[in-house]
Amino acid sequence: MNTQSENVEPQPPGGVSSFVRALWGIDVRVRSLPVTANEFVARRPRFVASNLWLPASPLAGVPGRFSDYLFAACAHISAHLRFGAPRFLIKALKPAQVAIISLLEDARVERLASARYPGLSRLWAPYYEARADGAKTSLSLLARLARALHDDSFVDHDSWVQKGRQLFLERRAEWHDSAWCRAIGSALGNDLGQMRVQFNAKDYTVQPAYRDDNIGLWQFEQEQTEDGTQLESEGVRRIESDVLTSQQRERGDPDASPARDGSASERASGLRVQAGAKVESATRYAEWDYVIQRERPAFCSVKERPVALGDAARIATALSRHAPARKRLERSALRLANRRPTQVRRLLDGDRLDLPAAIAAVVAHVSAAPSDPRVYRRVRFQLEPPALLLLLDLSESLNAVPPGASTTLLELARTASAILATSLSGVVSDLAIHGFSSNGRHDVGYYRFKDFDQPYDELARARLAGMRANLSTRLGTALRHGGQALAARGAKRKLLLVVTDGEPSDIDVHDQQYLLFDAKQATICNRRQGVASFCVGLDANAEESVKRIFGAGNYSLLDELGSLPQRITQLYLRLSA
């Protein structure tokens, strides 16, 4: 058994180059990927032109002997070299579409190679472990599709997998040309989005494990020719730089750049941004992934957008219908602002006697009756009102008209906001009314109808009148953004009052628990910054999810949605006292 010193990079077993030469008469240069212990996802083999990079040690969970794995990987990559076509162009493809097109190209070249050497199919077969009853996630569906395209006897009743197999087999006569992979992959990627199945490029690993990471199938943004020379030199430069960076990170080099060895779909996403697309300024926030129990840094983008102005007169009309609630809140707000002292009576301990209680205790003692020992009183001053941020969920669900109500939830939320702003504007300066909706993790829209220290004037009322509801609810990201704005206030107490249906959702998330746990983590982060969160739930059946996010005692569910303006008024008074 050969031994190697620490300073010598381990190499893959010999013979793989000869194996490729024996199959197709192609000479390849085989190199070793570094051994890294802190990879976010497992590395896959790589190739650019005739340059191959193979893992230097066995991958976790890969069955069989490591040498068999390396030969399977080389057989797959050499199929690309023998039957591959010019590299695909990224253009406007989404990361999920890049991954599916790559999968189709993998299956195409393997089918052609197996037709020439049937034994290759048996070499690859042990690495297909996807099950037809697997979870309906993007990783599972792509692995199941890969197996369905490899093994005609594999039965999977999922309609998306069946469609992918059918479209692939219908192109059997065109397998020597890869142009159709783009059309089919784009269509399947769109279907995946319509199914609300989340695809995270940072999580994605090509399956099965012997396949390369697809980087060699796509053209880098700086490549300008198709003659091979520039393609190869640019690709080799990038991957050699990536290997060096990984080795630096392993040595703890602080100058090493962040990990750049993501999947081909992640690189493709980056290429589109670098190609000159206009990028809207955004604030990036982490998102909690409960599966891996860690935050994904800078994972979501909040984009603050201007609010369309409406007719401010409709606010006055709405207030006239809720005059009693507004007047009650105004009287209570004045008491909070004055911070009048109050007498707390009948205490076991205090700074002075509670005379009526003391007399009653003496009378009881003389008459041999049981006496009450609570004979003290204390003077207390009311706390100053908290800085308040009213955060409104402006997703599509607010356009519904609740049973027993004559208007939409959006109109009720607008009225409740107007009552708070009108009643508190003269006595409380730390009051803001914001709203949010989302269209995927890269587009969480945030709207400021009234901000801190801004007057509640005609312009603010016009913003409230122009409030609109659409799209989805990425609650955790909005909680982080609102919590940051509130934490910057100088008040001793800070309250984030959220009005939502209690069910976070978004178009790029398939797991119902994912956004729930992220929103819960966001409330925990806000609490650490001194921001208390409370929720008004618009769906009486959403108690389990609201309780999980905000905690017991930190939410209130509405049985009668028409009472939303009055309930928000009562909650503010209770939470401020």
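How many bridges join strand 1 to strand 3, and in which sense do the two strands run? Five bridges join them, and the strands run parallel. The legends below place this pairing among other features of the chain.

This is a predicted model, in which local features need pLDDT of at least 70, side-chain atom pairs count only at pLDDT 80 or more, and totals for chains, interfaces and linings use all residues. Residues are numbered from 1 along each chain as its sequence is written, and side-chain values use heavy atoms, with hydrogens and water left out.

**Figure 1. Overview of the chain.** The chain contains 18 helices and 14 strands; helices (H or I, at least four residues) and strands (E, at least two) are DSSP runs, numbered from the N terminus. Of its 577 residues, 51% are buried. Buried means under 20% relative accessible area, exposed over 50%, and partly exposed in between (1.4 Å probe, protein chains only). Contact means heavy atoms within 4.5 Å. Among contacts between residues at least 6 apart in sequence, 71% join residues at least 24 apart.

Figure 2. Three strands form an open sheet in the order 1-3-2, with mixed pairing; two strands pair if DSSP finds at least two bridges between them. Strand 1 and strand 2 (46-48) are the edges, each with a single partner strand, so one side of each has no neighbour in the sheet. From one strand to the next, the twist averages 20°.

**Figure 3. The buried side of helix 1.** Val16, Val20, Leu23 and Trp24 of helix 1 are buried. They lie on the same side of helix 1 because they cover an arc of only 65° around the axis, the arc being that of the directions from the helix axis to the C-beta atoms. Among the elements that cover these buried residues are strand 1 (29-33), strand 3, helix 2, helix 3 and helix 4. Just after helix 1, Gly25 takes a positive phi of about 70°.

**Figure 4. The largest nonpolar core.** A nonpolar core is a set of buried Ala, Val, Leu, Ile, Met, Phe, Trp, Tyr and Cys residues joined through side-chain atoms within 4.5 Å. The largest has 64 residues, of which Tyr69, Trp124, Leu142, Trp160 and Trp218 touch the most other members. Elements that give two or more residues to this core include helix 1 (16-24), strand 3 (51-55), helix 2 (66-83) and helix 3 (95-116). Helix 3 supplies the largest share, eleven residues. Leaving aside neighbours within four places in sequence, Tyr69 is in contact with Pro45, Pro55, Leu59, Val62, Tyr127, Ala209 and Tyr210. A second, separate core of 40 residues includes Leu409, Leu412, Ala413 and Ala418.

**Figure 5. The packing of helix 6 and helix 7.** The axes of helix 6 and helix 7 are 11 Å apart, and the two helices pack at an angle of about 170°. Helix 6 is therefore roughly antiparallel to helix 7, a term for angles over 145 degrees, whereas those under 35 count as roughly parallel, 65 to 115 as roughly perpendicular and the rest as oblique. Trp160, Lys163, Gly164, Leu167 and Phe168 in helix 6 meet Trp180, Ile184, Leu188, Asp191 and Leu192 in helix 7.

**Figure 6. Strand 11 and its partners.** Strand 11 (residues 444-450) is largely enclosed by the rest of the structure, because six of its seven residues are buried. Strand 5 (residues 294-304) pairs with strand 11 in the parallel sense over three bridges, and Val302 has Val444 as its bridge partner in strand 11. Strand 10 (residues 431-438) and strand 11 run antiparallel and are joined by six bridges; here the bridge partner of Ser438 is Val444. In the hairpin of strand 10 and strand 11, five residues lie between the strands, and Gly440 takes a positive phi near 95°.

**Figure 7. Backbone details in two loops.** The peptide bond from Gln207 to Pro208 is cis, with omega near -5°, and Pro208 lies in the loop between helix 7 and helix 8 (229-250). Asn214, in the loop between helix 7 and helix 8, has a positive phi of about 75° although it is not a glycine. Asn214 is buried, with a relative accessible area of 2%. Gln293, in the loop between strand 4 (283-289) and strand 5, has a positive phi of about 55° although it is not a glycine. Gln293 is exposed, with a relative accessible area of 52%.

Methods:
Axes fitted to C-alpha atoms, helices over the stretch in contact; angles between N-to-C directions.
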